[in-house]
Amino acid sequence: MSAPRIFVYDSTLRDGQQTQGIDFSVGDKLAIARELDHLGVDYIEAGWPGANPTDDAVFAAAPTFKRARLVAFGMTRRPGRLAAEDPGLARLIDSGAPAVCLVGKTWDFHVTVALRTTPEENLAMIEDSLALCAAAGREAIFDAEHFFDGYKANPAYALDCLQAGLRGGARWIVLCDTNGGSLPHEVEAIVGAVARIIPGDQLGIHCHNDTENAVANSLAAVRAGVRQVQGTLNGLGERCGNANLISLLPTLMLKLGYDTGLDEADLGHLTHASRFVDERLNRTPNRHAPYVGENAFAHKGGLHVSAVEKDPRSYEHIAPERVGNHRKILVSDQAGRANVLALLDEVGLELAPDDPRVAKLVALVKARELEGYTYDGAEASFELLARQLLEGLPQYFELDSFRVIDQRQLLDSQLVTLSEATMKVRVSGEMHMTVAEGNGPVNALDRALRHALLSAYPTLAELVLTDYKVRILESGAGTGAVTRVMLECSDASRRRWTTVGASTNVIEASWQALSDAITYKLWHDAVGNGATGEGI
């Protein structure tokens, strides 16, 4: 028998916009919609026509999808008004979207308190509104808001609301855990009861993540019979977010064997889709995200790495390539020879397991971690350390001295603190002295260094510092504690790398991380200037 078909409904562009700190532009919505269509979802809810100018502009642009159906979201008619005279419903139909999703109340508490109408009028609102959309030739979808809370309080009325949706011509009845407070066993039991009345191929599930169960609840609903799953990319959404489609899709396909309409090639695009949304929104991707995070297939303990080298199934639940991710070997004070050999192989440095330099490198890593460095998450600094030890690195620049001064001054009637860095640095045998201002000492150092280097290394103009983290390692030492700095960078090739520095002086630690970051980019840009240092 063929696997049951699960239809995938994405609401990133509507529910996701309710995430604190996110404000989609028209360009953002259209770009993410194209990415979703390429991924292979069945429905793309682009927004609420009439709610704001951005959504109006998105529907006016009329995205043409190759695989997905465009959905306009709205609500049932207002109490005491004919559906044909409701301006909100008219805007949904006029949007041109082939599918319309209407949200309506199914919890009698909300009907009387929020809508301030009667239970009977609410049933009429649901039926009339969906009937208008269906008569206009739209695929009608009913989002049964607060269904699980409503069912627990008054199951007969909650089911009456679903039946009203069906009478109105709804293709899908979507059961919503709007407050996100239901648990998987409750969802499975309630959906099972509903599925005995309404066929599963007309039922959907829409879960919020307020108990960290949105994905689990969605899976429980599928097991109980629903055939449409709603969610957002990366779990974006109001409060704690919505069910994360990035986790749901591979789980449905690879763990449960369902047909989602995506094939293996589409699933291999999953990591890119997840990171595309984060980059579009200028958010740092969650390194620990299941399936697609940078650490989803990362191995740190030497015993684990040794086993993974023999057979990845020993510590990986799927092959990372199936979701477009890759294996990552971390190096730390827990590292053994297997970690180091695996990471060396990853960066193109091949050594025999019995090569004495492997032991030297392992010992060096552990010694430097005692000083405050960490290479767990700073793979770029580890690569430079290994290359310098094993084969030498070009000396692209040589620092002679630097000085950083912070000064407070009035600027536009406001008291601000500016940093000024003065630097002497030798490039290709020539001494450069540069001065630069920045909004902090690291920014000033970066600008001063680039002033000195750009004429020799013009590709540094595309380097961007994307993240900067400081951690105090020895709290008992007070202000004299060792400080660790982690610096993340990216460039025009969309490459990302992280470097580390450690010192009792936060500026010195920052300089070490910055110097490594620039050296790493120049090495990978195949810049060959400078004298090569000696390897061991």
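Which way do helix 9 and helix 10 cross, left-handed or right-handed? Let's start there. The crossing of these two is right-handed, and that word applies if the near helix is turned clockwise from the far one by less than a right angle, with anticlockwise giving left-handed.

Before going on, a word on what we have on screen. It's a predicted model, where local features need pLDDT of at least 70 and side-chain atom pairs count only at pLDDT 80 or more, while totals for chains, interfaces and linings use all residues. Residues are numbered from 1 along each chain as its sequence is written, and side-chain values use heavy atoms, with hydrogens and water left out. Helices (H or I, at least four residues) and strands (E, at least two) are DSSP runs, numbered from the N terminus.

Back to our pair. Helix 9 covers residues 214–224 and helix 10 covers residues 245–255; their axes come within 10 Å and cross at roughly 35°. Axes here are lines fitted to C-alpha atoms, for helices over the stretch in contact, and angles run from 0 to 180 degrees between N-to-C directions. From helix 9, V215, S218, L219 and V222 meet S247, L248, T251 and L252 of helix 10; contact means heavy atoms within 4.5 Å. Sorted by class, that contact has five nonpolar residues, three polar and no charged. For the classes, Ala, Val, Leu, Ile, Met, Phe, Trp, Tyr, Cys and Pro count as nonpolar, Asp, Glu, Lys and Arg as charged, and the others, Gly among them, as polar.

Now look at N217, which sits in helix 9. N217 is buried, at a relative accessible area of 0% (buried is under 20%, exposed over 50%, partly exposed in between, with a 1.4 Å probe and protein chains only). Leaving aside residues up to four places away in sequence, N217 touches D177, S182, L183, P184, V187 and C207.

Next, the barrel. Eight strands close into it in the order 1-2-3-4-5-6-7-8, with parallel pairing; two strands pair if DSSP finds at least two bridges between them. Ignoring direction, neighbouring strands of this sheet are turned by 25° against each other on average. As one example, strand 5 (residues 139–145) and strand 6 (residues 172–177) pair over four bridges in the parallel sense, and A144 stands opposite L175 in strand 6. Helix 9 comes back here: helix 9 packs on the sheet, touching strand 6, strand 7 (203–207) and strand 8 (228–231), and its direction makes about 170° with that of strand 7.

Further along the chain, what about antiparallel pairs? Strand 11 (residues 398–411) and strand 12 (residues 414–427) run antiparallel, joined by 13 bridges, and L399 stands opposite V425 in strand 12. Their hairpin has two residues between the strands, and D412 takes a positive phi near 55° there.

There's also an open sheet of three strands, order 14-15-16, with antiparallel pairing. Strand 14 (464–472) and strand 16 (496–503) are at the edges with a single partner strand each, so one side of each has no neighbour in the sheet. Twist averages 15° from one strand to the next.

Last, another helix pair. The axes of helix 16 (residues 379–390) and helix 18 (residues 506–524) come within 10 Å and cross at roughly 70°. That makes the two roughly perpendicular (65 to 115 degrees; under 35 is roughly parallel, over 145 roughly antiparallel, the rest oblique). Helix 16 passes helix 18 in a left-handed crossing.
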